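Please look over the sequence and the model shown below before reading on.

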Amino acid sequence: MATNDALTDVGGLRVGHARVAGDRALSGTTVVLAPEGGVVAAVDVRGGGPGTRETDALDPRNVVQRIEAVVLTGGSAYGLESAAGVMAWLEERGRGVRVGPGPTHVVPVVPAACVFDLGRGGDFAARPDASTGRAAVEAAAATAERAPVECGAVGAGTGAVVGAMKGGVGTASTVLDSGVTVAALVVANAVGSAVDPATGVLYGRYGDGSRPVLPDAGVHAAALRRLAEARERSGGPPPLNTTLAVVATDADLTRAQAHKLAGTAHDGIARAVRPVHLLNDGDTVFALATGARPLTGPERAADPLALNAVLAAGAAVVTRAIVRAVESAGSVSGPGGDFPSYRELYGAD
């Protein structure tokens, strides 16, 4: 049973966040740490302007079978350096692709993807590096199994912005009738909006099975004015648009099935953020499968469509995670910009 509504409800996965230090820094790194021995992994990149590292290794046609960690980071392409700190931490523990007889003769394959948040704290050079990545993986390793995951302006979501509104990290999970768990963790950082401009309702609320409560018309009008003022003070909307996600399951998936899961999970982004997948987007989804459970029971073991339930759930938890990211974030106002939160604008709990 999913207990935390979080990525860590997939047994063995741990999440750690680290923030770049400094008064004018607004960036950080988030690490998803796999259980020792790694997990099956895949990636699907839909944005036209991605910033990634080691994603080619996840192609099912290539040699790497399992990975030990995934890095999501701020700092645009500069921030991909944070993966080096995670690699070093894994190497010290002999975790990675074995290439020699010695205990540390390994090459840790650490896929990574970044969001653009440069200068949002006021200092363009304040961005994650190898030490930030090490701090994030150490934070992940220090958590208990199935620990809650902190959301909002933390880790890679520290400087995230959605439209002119504060974004951040969010997570969600579900358990299928088969007993398989599917979960997601996202970094919501987009030029596109997460909010319906006609109503003030988060787009992701329209498809979650509930009837969204419409904000009061006066509240919504005030929110639109506040956002317009924030854009003016910040010099316009953020120049780049990237939402990152890790969708995970404890089902026993092949690498090809994991690749399909990463692809369909992008539907969850499209339901919650508009627009997505444009030329200045870096939208990227990683899929992880621990293999702890069979995909179906023995009575359906040969069902070629058994994966469908996992695919549908993957998109759904990504949408819910984006909603949680936006609702969890707090307002930020400083030398790098004015980014009000959804809570400030609409009084959401």
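Which residue in β8 is the bridge partner of V71? In β8, that partner is A112.

This is a predicted model, in which local features need pLDDT of at least 70 and side-chain atom pairs count only at pLDDT 80 or more, while totals for chains, interfaces and linings use all residues. Residues are numbered from 1 along each chain as its sequence is written, and side-chain values use heavy atoms, with hydrogens and water left out.

Helices (H or I, at least four residues) and strands (E, at least two) are DSSP runs, numbered from the N terminus. Two strands pair if DSSP finds at least two bridges between them.

**The sheet that contains β5**

- An open sheet is formed by five strands in the order β1-β2-β5-β8-β4, and its pairing is mixed.
- Its edge strands are β1 (14-19) and β4 (52-53), each of which pairs on one side only.
- Strand β4 runs antiparallel to strand β8 (residues 112-114), and two bridges join them; in β8, the bridge partner of R53 is A112.
- Helix α1 (residues 82-92) packs on this sheet and touches β2 (28-33), β4, β5 (69-73) and β8, where contact means heavy atoms within 4.5 Å.
- The direction of α1 makes about 155° with that of β5; for such angles, axes are lines fitted to C-alpha atoms, for helices over the stretch in contact, and the angles run from 0 to 180 degrees between N-to-C directions.
- Helix α2 (residues 130-141) also packs on the sheet, touching β1 and β2, and its direction makes about 145° with that of β1.

- Strands β2 and β5 run antiparallel and are joined by five bridges; in β5, the bridge partner of L33 is A69.
- Strands β5 and β8 run parallel, with three bridges between them.

**The sheet that contains β14**

- Another open sheet of five strands has the order β3-β14-β13-β12-β11, again with mixed pairing.
- Strands β3 and β11 (168-175) stand at its edges with a single partner strand each, so one side of each is left without a neighbour in the sheet.
- From one strand to the next, the twist averages 15°.
- Helix α4 packs on this sheet by touching β3, β13 and β14, and its direction makes about 40° with that of β3.
- Helix α5 (residues 308-328) lies across β11, β12 and β13, and runs at about 145° to β11.

**Strand β14 and the pairing around it**

- In strand β14 (residues 284-293), seven of the 10 residues are buried, so the strand is largely enclosed by the rest of the structure.
- Strand β3 (residues 40-45) runs antiparallel to β14, and six bridges join the two; in β14, the bridge partner of V43 is F286.
- Strand β13 (residues 242-251) pairs with β14 in the parallel sense over seven bridges; in β14, the bridge partner of A251 is R293.
- Strand β12 (residues 181-189) pairs with β13 in the antiparallel sense over eight bridges; in β13, the bridge partner of V187 is L244.
- A right-handed β-α-β unit is made by β13, helix α4 (residues 255-272) and β14; right-handed means that, with the strands pointing away from the viewer, the path from the first strand over the helix to the second runs clockwise.

**Residue T242**

- T242 is found in strand β13 and is buried, with a relative accessible area of 6%.
- A polar atom of the T242 side chain lies 3.0 Å from the backbone nitrogen of G282.
- Leaving aside neighbours within four places in sequence, the residues in contact with T242 include C114, V187, D281 and G282.

**Cysteines**

- A disulfide is a covalent bond between the sulfur atoms of two cysteines.
- The structure holds zero disulfides, counted as pairs of cysteine sulfur atoms within 2.5 Å.
- C114 counts as buried at 6% relative accessibility, and C151 is buried with a relative accessible area of 15%.

Technical notes:
Buried < 20%, exposed > 50% of the residue type's maximum accessible area, 1.4 Å probe, protein only. Polar contact = N/O pair within 3.5 Å; in protein donor to acceptor, adjacent residues only side chain to side chain.
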